[in-house]
Amino acid sequence: MATTVRRAVLTLPAAPLGPENPLPALRPLDEMHVVDERDRATLPRDMARQIGFEPLATVLPVRILDGYGRERTPAGLDAIVIENDRLRATVLPGLGGRIHSLHHKPTGRELLYRNPVLQPADFALNGAWFSGGIEWNIGATGHTTLSCAPLHAARVPAPDGGEMVRLWEWERLRDLPFQVDLWLPEDSDFLHVGVRIRNPHEHTAPVYWWSNIAVPEGERTRVLAPADEAWHFGYERTLTRVPVPVTGSVDRTYPLRGDFPADYFYEVPDGARRWIASLDEDGHGLVQTSTDLLRGRKLFLWGSGAGGRRWQQWLTEPGTVGYAEIQAGLARTQLEHVPLEPGAEFSWLESYGPLSADPLVVHGEDWAAARAETEQRLAEVLPRADVEAAHAAWRPCADTEPGESLATGSGWGALEVRRGKYELPGTPFADSTLGEQQEPWLELLDQGTFSEPRRVAPPGPSLVSPHWRDMLETAPAEPLTEYHLGVAQWHAGDRAQAVRSWERGLVLAPSRWPLLRCLAVAAEEGRQWDRAADLYGEAFDDLCAERRDDGEAWTAATAALGREAVEALLTAGRPAAARAVWAALPPVVRQRGRFRLLEARLLIAEGDRVAARAVFDEGFEVADLREGAEILDEVWARLTDEPLPDMYNYRMRPKR
């Protein structure tokens with residue numbers, strides 16, 4: 001059959017994402033992949049330089065997604081299916097363009113780990129993320145803020161005269177447009193993926209990219225890559241060079257042979273072909289290869305320990321097969337960001353498909369022979385020269401204007417293109433995509449003003465890049481303008497000026513709580529615990545007085561501000577005031593797992609350890625438990641010396 005592209009609906013048990021958190025993400029980035037600055041001196045100079053190249057301080061202007069739960073009901077997800085007589089790829093454009101499934105027809109094998117549920121968890125830079133398939137991580141170290149966001153999608157002519165699918169968006173952490181072209185040649189066993197990232201600005205931009213491929217794990221599943229060494233990153237936050245495959249008497253190329261989750265970034269030699277494969281006990285599995293620009297390769301494993309197993313259950317369903325991740329990126333490690341010059345672009349081609357190799361060699365003790373066998377089999381089914389040729393054939397098509405629209409992303413790209421008057425052939429950001437969130441910023445752009453909203457509601461999203469900050473500084477100094485200006489100044493590192501802007505806005509603000517909350521965060525960052533507690537208490541009281549209804553936006557604001565207020569009041573040693581905030585929260589909010597944990601902490605502060613223990617004994621699930629968080633261990637240890645129950649064990653590193 002000729003290659004076809006069609007729309008479909010994929011039905012999965014899904015937990016709804018819920019509303020965005022309306023509080024601006026002012027706090028430092030909560031990302032596990034950080035290396036102590038003192039340890040950088042031991043790293044290769046280019047690696048150390050790229051690790052230190054413009055790391056993010058916050059996820060502004062993106063909002064946090066933490067409004068999801070654990071209750072799943074069947075949901076229909078828009079999908080795009082790309083298919084020939086050999087391969088069928090199912091893409092979810094509304095969820096970051098994730099490839100949910102890659103099915104090889106002749107063998108009937110699913111090449112990816114295909115998650116049977118859609119369960120958000122707190123792994124993305126801005127919260128909600130889900131496991132499985134192939135995801136496109138762009139922006140900064142960690143899972144992209146677009147993990148659960150819609151992308152634009154359309155049909156585009158393929159290099160061979162058929163059709164391909166283009167996905168594109170404006171990545172907001174770095175203000176960069178990107179595209180992903182999915183091309184399945186007729187009669188091919190390999191899906192080609194052309195990627196392009198452009199820098200339309202007059203300054204050098206830090207670029208991050210890792211293609212993340214979830215593959216089924218098994219007792220005899222082995223991950224192979226062309227390397228004899230790797231950079232090991234554990235959740236102790238250290239980066240060390242280790243031999244491959246055996247480290248500490250254990251063959252770490254088998255994902256289930258480690259105790260704790262870990263990353264292995266392979267040191268692929270210059271000139272070597274870029275590839276990584278996951279092969280089962282019979283030598284069958286998936287291989288990913290690319291043109292040379294995509295130099296990095298990585299294995300992430302959950303390990304066989306209790307914490308890793310619990311996370312696997314948390315992200316899918318108990319009783320289903322677990323997974324490991326094989327990845328490919330622009331740098332050697334995920335801690336690095338690569339400079340992209342003004343007006344320049346990065347482009348490369350990746351290929352995904354089935355691979356079979358001799359299992360006796362693949363699983364033999366001779367690592368060099370296992371690698372050579374795998375690479376030889378890859379060369380037979382997809383020569384390196386063919387990948388280079390596919391990239392050369394695709395590259396002229398990257399500027400082709402899309403045809404029929406298959407999905408619509410956000411309006412932020414259209415806003416930025418309108419402001420910067422950028423020419424971006426191949427990735428149109430149409431004015432028709434502009435929506436309610438962009439409306440006040442269009443007014444600022446076109447008229448130089450930032451109007452107060454027509455109805456009382458939590459403030460909309462802030463924009464923080466230098467050009468928007470400049471416009472806010474020259475706009476009339478209305479309270480809402482001062483609020484957004486302060487957020488932009490905070491993001492730029494001008495904390496003192498941000499506080500002054502928020503204080504100016506507070507004088508005439510009809511809605512005080514958003515400004516008070518910003519000032520409370522500033523006080524916390526300055527370790528002014530009592531002042532922060534005062535400001536949070538005042539902010540929460542003002543929100544409760546202003547709140548208009550029990551709608552989604554107000555409930556999200558009340559939950560987010562109430563949680564921060566209780567935590568700040570407990571830090572300041574004011575359990576009675578914290579209890580008052582707790583009592584004012586809607587009952588539906590107090591029943592959430594995150595707030596049950598907060599209740600246990602409040603009870604401990606009040607001296608009632610028996611009641612706090614009862615909260616744990618009754619059972620709760622913190623839906624937005626952060627990757628690497630140890631708060632459950634810490635609170636449990638304040639109650640008892642008993643071992644932490646398995647249902648609360650998410651530990652990703654050994655106890656110190």
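Colleague: In which loop is Ser-249 found?

Modeller: This is a predicted model, and in it the phi of Ser-249 is near 70 degrees, a positive value in a residue other than glycine. Most residues other than glycine have a negative phi. As for its place in the chain, Ser-249 is found in the loop between S18 and strand S19 (250–251).

Colleague: Is Ser-249 buried or exposed?

Modeller: A residue counts as exposed when its relative accessible area is over 50%. The relative accessible area of Ser-249 is 71%, so Ser-249 is exposed.

Colleague: Where does Lys-421 lie, and is it buried or exposed?

Modeller: Lys-421 has a positive phi of about 55 degrees, although this residue is not a glycine. It lies in the loop between helix H6 (412–420) and helix H7 (439–447).

Colleague: What is the omega of the peptide bond from Val-244 to Pro-245?

Modeller: Pro-245 has its place in the loop between strand S17 (238–243) and strand S18 (246–247). The peptide bond that leads from Val-244 to Pro-245 is cis, and its omega is near 10 degrees.

Colleague: Is Pro-586 buried or exposed, and which residues does it touch?

Modeller: Pro-586 has its place in the loop between helix H14 (575–584) and helix H15 (587–590). Its relative accessibility is 15%, which is under the 20% cut-off, so Pro-586 counts as buried. Leaving aside residues up to four places away in sequence, Pro-586 touches Arg-547 and Thr-558.

Colleague: How many helices and strands are in the chain, and why is the chain as compact as a globular protein of that length?

Modeller: The chain contains 18 helices and 27 strands. For 656 residues the globule rule gives 26 Å, and the chain is as compact as a globular protein of that length because its radius of gyration is close to that value, at 25 Å.

Colleague: What percentage of the residues of the chain count as buried?

Modeller: The C-alpha trace of the chain spans about 70 × 65 × 50 Å along its principal axes. Among contacts in the chain with a separation of 6 or more, 71% are accounted for by residues 24 or more positions apart. Of the 656 residues, the share that count as buried is 60%.

Colleague: How many residues has the largest nonpolar core, and how many are in the second, separate core?

Modeller: The largest nonpolar core has 83 residues, and those with the most contacts inside it are Trp-136, Leu-182, Trp-209 and Tyr-266. A second, separate core includes Met-471, Ala-522, Leu-569 and Leu-570, and its number of residues is 69.

Colleague: Which strand supplies the largest share of the lining of the largest cavity?

Modeller: The structure holds eleven cavities of 30 Å³ or more, and about 190 Å³ of space lies in the largest cavity. Its lining has 20 residues, with His-33, His-143, Lys-298, Glu-325 and Glu-627 lying nearest its centre, and the lining divides into seven nonpolar, eight polar and five charged residues. At least two lining residues each come from strand S23 (296–301) and strand S24 (323–329). The largest share, three residues, comes from S24.

Technical notes. Residues are numbered from 1 along each chain as its sequence is written. This is a predicted model: local features need pLDDT of at least 70, side-chain atom pairs count only at pLDDT 80 or more; totals for chains, interfaces and linings use all residues. Side-chain values use heavy atoms; hydrogens and water are left out. On a 1 Å grid over the protein atoms alone, a cavity is a set of points where a 1.4 Å probe fits but cannot get out, and a pocket is an open set with protein on both sides within 12 Å along at least five of seven lines; lining residues have an atom within 4 Å of a point. Grid points are joined across faces, edges and corners, and a volume is the space filled by probe spheres set on the points. Helices (H or I, at least four residues) and strands (E, at least two) are DSSP runs, numbered from the N terminus. Ala, Val, Leu, Ile, Met, Phe, Trp, Tyr, Cys and Pro count as nonpolar, Asp, Glu, Lys and Arg as charged, and the others, Gly among them, as polar. A nonpolar core is a set of buried Ala, Val, Leu, Ile, Met, Phe, Trp, Tyr and Cys residues joined through side-chain atoms within 4.5 Å. Buried means under 20% relative accessible area, exposed over 50%, partly exposed in between (1.4 Å probe, protein chains only). The radius of gyration is taken over C-alpha atoms; the globule rule is 2.2 Å times the number of residues to the power 0.38. Contact means heavy atoms within 4.5 Å.
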